[in-house]
Amino acid sequence: MTLAVSGGDLQRLRRLNALAVVSALRGAGPLPLTRLAEHTELARATIKEVVRDLISMGWVAEMDPSTGGGKGRPARRYRFRAENGRVLGLDIGAHKVLAAISDLDGDVRHVSREPITPGHSRQERLAAVDRAVDACLAATGTSPADVWITTAGSTGYVDNEGNIVVSRAIHDWSGVPLAGHLTARLAGEVLVDNDSRLAALAECRRGAARDARNIVYLHIGRRAGAAIILDGVPLRGSTGAAGEIGLHPLFHLADSSDLLTAGNSGQAVFDAARRGDAAALNAVLRYVKVLALATAAMTLTVDPQVIVIGGGFSRSADVLMPPLRAELETMCLRTPELRASTLGDECVAIGAVCLGVEHLNQRFFNPENGPVAPLL
């Protein structure tokens, strides 16, 4: 008996085959047809047809045979054309604006930095954003039209329309329509999110928590912030306010760094505590007690696998984590593993790139969105 295949089923099968090939090329690098067939478990004849279609649509390119190496006639190899578009990630903080530009696979090609202070006006800060963007575009030979998506992370509560609703860390920043400003400059789609949420995503995808699906991220430094990743997805809530536990007066996170520094730099206090200085150790403990209360509230709510310590104070995680762990053990049913950030001060920009790439993947390579579209 022969089963009939409807036109809709055949179209879906072709779409799934195309997505399987794209996924294999993005995950395993340039491959010949034989290896592609092994990765996708498709017949070689099917692979050949799919690759031909993807080349005609602009998503795949055949590589120069001379780059294959080895002896004899090299097999034709194919690669995903990640250079087709650019993804721009921004970190707009109190003391810096950082821009990172990547290809469609999220491989960062250039990073630009502009210093700024909390006292600068919104016009000055937006001008710094523009300079950082322009520097990235110029360094990579990218036109604004080649940027397929821009994702910006900013301190403060960011609503679903990309507006900065409240920012306590930056003077004159509350109410800024950040998405609107970026949309006016760049051709592609624009996303804006809280910087801690993007940092958490970066740690989950490329940093200290790559093996975890559920994490709590703590940004600790001159300001405090937090974010949550559940089942691998950043938790935004209905309006983007999820994780803004620092705004609650019960937890006293907004001014918590004052308990630690008391006129000194945080690094100086940590260095003294590392040497065993009693006053510095007491200052660290006072700070940790405040930090632990908010952290325990989030931990008891979402039961994360890992708590990641990020922000400027993460450089002294060796001093902070033991007393923080001890405090959490008195408050939590189960104390998650504590880890320090591995991504440094580029964490937010990397998270912005990750979110941009994932958004494009959902748009172009989701089986539910119809056939893989040809590039114009």
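Q: How many bridges join β7 to strand β10 (residues 189-194)?
A: Strands are DSSP runs of E with at least two residues, helices are runs of H or I with at least four, and both are numbered from the N terminus. Two strands pair if DSSP finds at least two bridges between them. β7 and β10 run parallel, and the number of bridges joining them is 6.

Q: What pLDDT do local features need in this model?
A: Residues are numbered from 1 along each chain as its sequence is written, and side-chain values use heavy atoms, with hydrogens and water left out. This is a predicted model: totals for chains, interfaces and linings use all residues, side-chain atom pairs count only at pLDDT 80 or more, and local features need pLDDT of at least 70.

Q: Which residue of β7 is the bridge partner of Leu88?
A: Strand β4 (residues 86-92) also runs parallel to β7, joined by 7 bridges. On the β10 side, Thr151 stands opposite Leu191. For Leu88, the partner in β7 is Thr150.

Q: How many of the 8 residues of strand β7 (residues 147-154) are buried?
A: Buried means under 20% relative accessible area, exposed over 50%, and partly exposed in between, with a 1.4 Å probe and protein chains only. Strand β7 is largely enclosed by the rest of the structure, because its buried residues number 8 of the 8.

Q: What is the relative accessible area of Thr155?
A: Thr155 is found in the loop between β7 and β8 (157-158). Contact means heavy atoms within 4.5 Å. Leaving aside neighbours within four places in sequence, Thr155 is in contact with residues including Ile92, Trp173, Asp195 and Arg223. Thr155 is buried, with a value of 5%.

Q: What span does helix α4 (residues 122-140) reach from its first C-alpha to its last?
A: The buried residues of α4 include Arg125, Leu126 and Cys136. Among the elements they pack against are β4, β7 and α5 (178-185). The expected span is 1.5 Å times one less than the number of residues. With 19 residues, α4 comes close to the expected 27 Å, reaching 27 Å.

Q: Over the face of which residue does Arg125 lie?
A: A charge sits over a ring if NZ of Lys or CZ of Arg is within 6 Å of the ring centre and within 35 degrees of the ring normal. Arg125 is at 5.8 Å from the ring centre of Trp173.

Q: Is the ring pair of Phe364 and Phe365 stacked, edge-to-face or tilted?
A: Rings of Phe, Tyr and Trp (its six-membered ring) pair if their centres lie within 6.5 Å; planes under 30 degrees apart count as stacked, over 60 as edge-to-face and the rest as tilted. The structure holds 9 aromatic pairs. Phe364 and Phe365 are both buried. Their ring centres are 6.4 Å apart and their planes at 50°, so the pair is tilted.
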